[in-house]
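Welcome! Have a look at the sequence and the 3D view, then try each task before reading its solution.

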2 protein chains.
Amino acid sequence: MAHSYYNQESHGPYQTLDLGPFVLDNGDTIRNLALAYATFGSLSPAKDNAILFPTWYSGTSKILEQAYIGPGRALDPERYFIILVNQIGNGLSSAPHNQPSPFNAARFPRVSISDDVRAQYRLVTEHFGIERLQLVLGGSMGAQQTYEWAVRYPEQVLRAAPIAGTARASVHNRLVVEGLIAAIASDPAFDNGWYAEPGLVHRGLRRHAQLFATKVFSSRLFEQEGWRALGFSSVDDFLSGFVEQHFLQQDPNNLILLARKWQDSDVSRNTSGDLKKALSHITATTFVVAVDEDDLFPLADIVAEQTLVPQSHLKRLSSPWGHLAIFGLDQAYRDNIDSVLKELLATP
Amino acid sequence: MAHSYYNQESHGPYQTLDLGPFVLDNGDTIRNLALAYATFGSLSPAKDNAILFPTWYSGTSKILEQAYIGPGRALDPERYFIILVNQIGNGLSSAPHNQPSPFNAARFPRVSISDDVRAQYRLVTEHFGIERLQLVLGGSMGAQQTYEWAVRYPEQVLRAAPIAGTARASVHNRLVVEGLIAAIASDPAFDNGWYAEPGLVHRGLRRHAQLFATKVFSSRLFEQEGWRALGFSSVDDFLSGFVEQHFLQQDPNNLILLARKWQDSDVSRNTSGDLKKALSHITATTFVVAVDEDDLFPLADIVAEQTLVPQSHLKRLSSPWGHLAIFGLDQAYRDNIDSVLKELLATP
């Protein structure tokens, strides 16, 4: 299963935990669920210094490492044992592109955020023997997983930091994601997921990338030509060199699996659809982080949920990068998120 | 050229002014430019009570009439002579779908906002003999035309009200519109604009409609199920019954022509790219109207321009409908915009 993107060279080093046959919420089964993860720092003898950080849409543990971890930073490997876990379908963990037939490609089962969290729970408790996490955090789809952790396993989560994401995908958010899916799926080369090579679907992937760009960057970023900081020479140079480049290396079925999981995200499945009740289960000290310029997860949607989370605080950051601030592309965001996370980690 | 949508039954009564061969800014020619318009009220003997209101993307004079005109309203036909003018390419005026071969369909020339305004100037001055307009107003692409009028013909425009639109399309806005275009153009049935029947392109038109919906309605509208006020039973029922229905009746080449015109919109073409200088030409009393929840023309972009317009005031409205507030679907918007326009019309 050699792939030019989903491998140790591009995203390692990472380890893989084999969880065997894994029955999903919907009753379907992943025959041999592999969860890829990377760790930083050392687990203390008391196993009381662990932090869990799941990935976002189309991301792997590598960008989390690059954007958030380092000595002196909030996620300091000299102090904490940090577990970066790759969500199911991201291509390092089990995903449509790496499963053997007949369960591969378009046949890979639909996965939910809570499936991820149940699998991650086994990694944390069975594999590492950790009973309580000092912090669970994540951005975007990582925030969805963070909320699910805090609702489902309150005993295990001392602190939580959902960043630029929600506990239940809004109707509007689901529509936006449907547009992203349609951009790929409408490419005739996609062939309902049965393309011979992912590269054949490049037109759909490019359209997906362009649409993604309209939602994840703020208008201000373009007016200020903030992309120049990354070394690009024009808007089109940036859109192709950064956004298309990011997605063209990935597998269309993987992306669509992740996107559907994103749409389905909803902690109120734990409480028969009662969101208020679900969020009231959270016992973690929770810093709900929003980026003011984020059009994908607008402030108003985030605040509406935050007010339902006991012992929570809203932390607003500002960045011309909009939703993509979570990539840590600007130093100001890195400084600001570190300061928020340090404050959270310092709470008793 | 019978068409089930672009006709007097659906959008009339309207008149048509034949402007003969019309040379566009880009040097190309529309062989026989027809400008469709509808008027309300009577032109005073002194010809000093005229208001001009151009159309927005995919709209015709009919929706402007329904949403903005009536006795007791700001645009009161008992007091004003109101000219609703259909922009080039909207299908009532000359457009790809109604031109004879060889200048039809994909071959219809690319048109700019300033082409529209130059044609409308002839309608106003040559046809009606009006020297000064009491007010030019418009929403979205209508705001683009309003700005162009105020910059290009300051002597003719006493007051201006650009609503939910900008004088120069932002980079981000142009990207969003590129996504709308790609949704249609990527449909293999579009065939580079040479489809045999517009109905063949329904998949592209539907994707276009869905994307449009993600940009023009606020997240709040969906959370509050505001679409129920229009009699729809579910989100999908609303998206198909309202948004797809609106676009499926229209011609794909017409829509793409309008979208490209939207992208090119830029009053600074009058001043070699100097936006500040262009806007400084405006002598009209200008009320720049923004809808707080509008993601398509965000408040920050609108404010950045408004501060460059002499004698201008920013008027902020709020509506869960977001950008589509301009359709006048809720009574609160109609009341609020009327109050803004009445205040503007009362200025000396």
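**Exercise 1: Neighbours of Q306(A)**

Q306(A) touches V288(A), S312(A), H313(A) and L314(A), leaving out residues up to four places away in sequence; contact means heavy atoms within 4.5 Å. This is a predicted model, in which local features need pLDDT of at least 70, side-chain atom pairs count only at pLDDT 80 or more, and totals for chains, interfaces and linings use all residues. Residues are numbered from 1 along each chain as its sequence is written, chains are lettered from A and ligands numbered from 1 in the order in which they are written, and side-chain values use heavy atoms, with hydrogens and water left out.

Task: Decide whether Q306(A) is buried or exposed.

Solution: 
- Step 1. Find Q306(A) in helix 11 (residues 299–306) of chain A. Helices (H or I, at least four residues) and strands (E, at least two) are DSSP runs, numbered from the N terminus.
- Step 2. Recall the cut-offs: buried is under 20% relative accessible area, exposed over 50%, and partly exposed in between (1.4 Å probe, protein chains only).
- Step 3. The relative accessible area of Q306(A) is 11%, so Q306(A) is buried.

**Exercise 2: F40(A)**

Task: Find which residues F40(A) touches, not counting residues up to four places away in sequence.

Solution: 
- Step 1. Go to strand 4 (residues 34–40) of chain A, where F40(A) lies.
- Step 2. F40(A) is buried, with a relative accessible area of 17%.
- Step 3. Its contacts are E65(A), I69(A), P77(A), Y80(A), F81(A), I82(A) and L84(A).

**Exercise 3: Two helices in chain A**

Task: Work out how helix 5 of chain A is oriented to helix 9 of chain A.

Solution: 
- Step 1. The axes of helix 5 (residues 171–185) and helix 9 (residues 252–264) of chain A come within 9 Å and cross at roughly 165°. Axes are lines fitted to C-alpha atoms, for helices over the stretch in contact, and angles run from 0 to 180 degrees between N-to-C directions.
- Step 2. Helix 5 of chain A is therefore roughly antiparallel to helix 9 of chain A (angles over 145 degrees count as roughly antiparallel).
- Step 3. For the residues that meet, look at both helices: those in helix 5 of chain A include V177(A) and I181(A), and those in helix 9 of chain A include L255(A) and W262(A).

**Exercise 4: Helix 5 of chain B**

Task: Explain why helix 5 of chain B is described as largely enclosed.

Solution: 
- Step 1. List buried residues, among them V171(B), L175(B) and I184(B).
- Step 2. Eleven of the 15 residues of helix 5 of chain B are buried, so the rest of the structure largely encloses this helix.
- Step 3. The cover includes helix 8 (235–248) of chain A and helix 9 (252–264) of chain B.

Conventions: Angles under 35 degrees count as roughly parallel, over 145 as roughly antiparallel, 65 to 115 as roughly perpendicular and the rest as oblique.
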